[in-house]
Amino acid sequence: GGTNGTMGFENYLKHTDFDKYFGRKEYNNEAHYDGQWGIWDEEFLYFCAETITQESTAPFLSIIFTLSSHHPYKIPEKYKDKFPKGEHQILETIAYADFALEKFFQEISKKDWFNNTLFVITGDHSSQSESKFYNNNYGVYKIPFIFYDPKLNLSEYSNKNIFQQIDLMPSLLAYLGFEEKIIAFGRNAFDTTEKNFAVQYLQPDFQFIFDDTLYIWNQNKITSAHSLKEDKMLINNIIDEIYYPKEKEILIKSYIQQYNNRLLLNQLMP
């Protein structure tokens with residue numbers, strides 16, 4: 001629902017073979033413009049429900065990027081004082097976005113394609129929090145990731161394993177039964193035998209999470225380690241207390257090398 005051209009989405013989708021893009025221009029009703037980013041979530045999600053039904057032929061992929069919970073954190077005037085407020089302005093807009101999403105699911109549950117669709121709900125990044133935990137180098141990367149299939153119970157995969165955004169592609173392809181070769185820097189979350197890990201770039205450092213330990217990689221070596229079970233605030237460096245993880249060092253080096261080389265040589269596709 002954003003103003004066309006925002007964040008380069010429209011041009012990007014042209015390069016990745018998406019058939020259609022719908023933004024503020026296509027919505028074509030300025031009465032629902034928020035004055036900043038684009039169309040309010042409630043109205044645009046209803047528009048999405050109808051547009052997906054009219055424009056899509058199975059199998060299809062549809063992506064919706066909501067915007068009302070973004071700065072400057074406004075909600076429609078008609079909902080003034082309806083949603084709970086908190087220490088940060090964003091909390092009221094999060095409640096509004098949640099309300100809009102609920103109405104969206106109520107609407108699409110009536111559609112023919114609903115029961116044959118896998119839904120993925122997530123955020124592109126975290127934001128302000130009332131908790132100090134969500135402001136440290138570990139907590140700041142924690143976002144919700146929800147897989148919902150109306151026909152299947154996925155609760156066996158509902159756990160506290162590490163999951164990162166780059167795991168989404170291999171997980172979706174595996175879920176859909178795709179068997180061709182791919183290059184992925186993440187893992188298939190539906191394969192419970194695979195080891196858990198996540199990678200973040202904290203310029204100039206890299207941060208690697210393996211199971212219950214967070215490692216900081218700086219200048220070609222691991223400089224610190226933290227137990228995520230006992231030290232979620234990342235206060236105690238236990239690198240001198242644990243066996244130096246040589247195998248983790250090799251994995252970190254290879255991960256960085258593969259990514260940089262493939263990016264430089266345009267080899268991110270099989």
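In the hairpin of β5 and β6, two residues separate the strands, and Q219 takes a positive phi near 55°. The model is predicted. Strand β6 covers residues 221-227 and runs antiparallel to β5, with six bridges joining the two. Within β6, S227 is the bridge partner of T213.

Strand β5 also pairs with β4. Five bridges join β5 to β4 (residues 205-210), and this pair is antiparallel. Here T213 of β5 stands opposite F210. The β4 and β5 strands form a hairpin with two residues between them. In that turn, D211 has a positive phi of about 55°. How many of the six residues of β5 are buried? Five are, so strand β5 (residues 213-218) is largely enclosed by the rest of the structure.

Charged contacts were examined next. Side chains of opposite charge can pair when their charged atoms come close. A search of the whole structure finds 14 salt bridges. One of them joins the side chains of K20 and E55, at 2.3 Å from N to O. K20 lies in the loop between α1 (9-15) and α2 (24-27), whereas E55 belongs to helix α3 (residues 41-55). The pair therefore ties together parts that are 35 residues apart in sequence. E55 has a relative accessible area of 37%; because this lies between 20% and 50%, E55 is partly exposed.

Helix α3 takes part in a further contact through E50. The side chains of E50 and K111 meet in a salt bridge of 2.9 Å, N to O. E50 lies in helix α3, and K111 is in the loop between α4 (90-108) and β1 (119-122), so the pair ties together parts that are 61 residues apart in sequence. Are these two residues buried or exposed? Both E50 and K111 are buried. A further salt bridge links E247 with K248, the closest N and O atoms being 3.3 Å apart. E247 counts as partly exposed, at 48% relative accessibility.

Attention then turned to empty space. Rolling a probe the size of a water molecule over the atoms shows where empty space is left. Two cavities of 30 Å³ or more are counted. The largest cavity holds about 50 Å³ of space. Its lining includes the aromatic side chains of W37, W40 and Y73. Among the other lining residues of the largest cavity are D34, K74, H70, H71 and P72.

The second largest pocket contains about 560 Å³ of space. Which of its 20 lining residues are closest to its centre? They are M169, I183, A184, L268 and M269. Helices α5 and α6 (246-264) are the elements that give two or more residues to this lining. The largest share, four residues, comes from α5.

M169 also belongs to a surface feature. Together with F178 and I182, M169 forms a nonpolar patch on the surface. The accessible area of the three residues together is about 260 Å². F178 lies in the loop between α5 (168-175) and β3 (197-202). The relative accessible area of F178 is 41%, and F178 is partly exposed.

Notes. Residues numbered from 1 in each chain as written. Predicted model: local features only at pLDDT ≥ 70, side-chain atom pairs only at ≥ 80, totals over all residues. Heavy atoms only, no water. Buried < 20%, exposed > 50% of the residue type's maximum accessible area, 1.4 Å probe, protein only. Pairing = 2+ DSSP bridges. Patch = residues over 30% accessible without salt bridge, like charges linked within 9 Å, V, L, I, M, F, W, Y side chains within 5 Å. Areas by Shrake-Rupley, 256 points an atom, 1.4 Å probe, with all protein chains shown as cover. Salt bridge = Lys/Arg side-chain N within 4 Å of Asp/Glu carboxyl O. 1 Å grid on protein atoms, 1.4 Å probe; cavity = no way out; pocket = protein on both sides within 12 Å on 5 of 7 lines; lining within 4 Å. Points joined across faces, edges and corners; volume = space filled by probe spheres on them.
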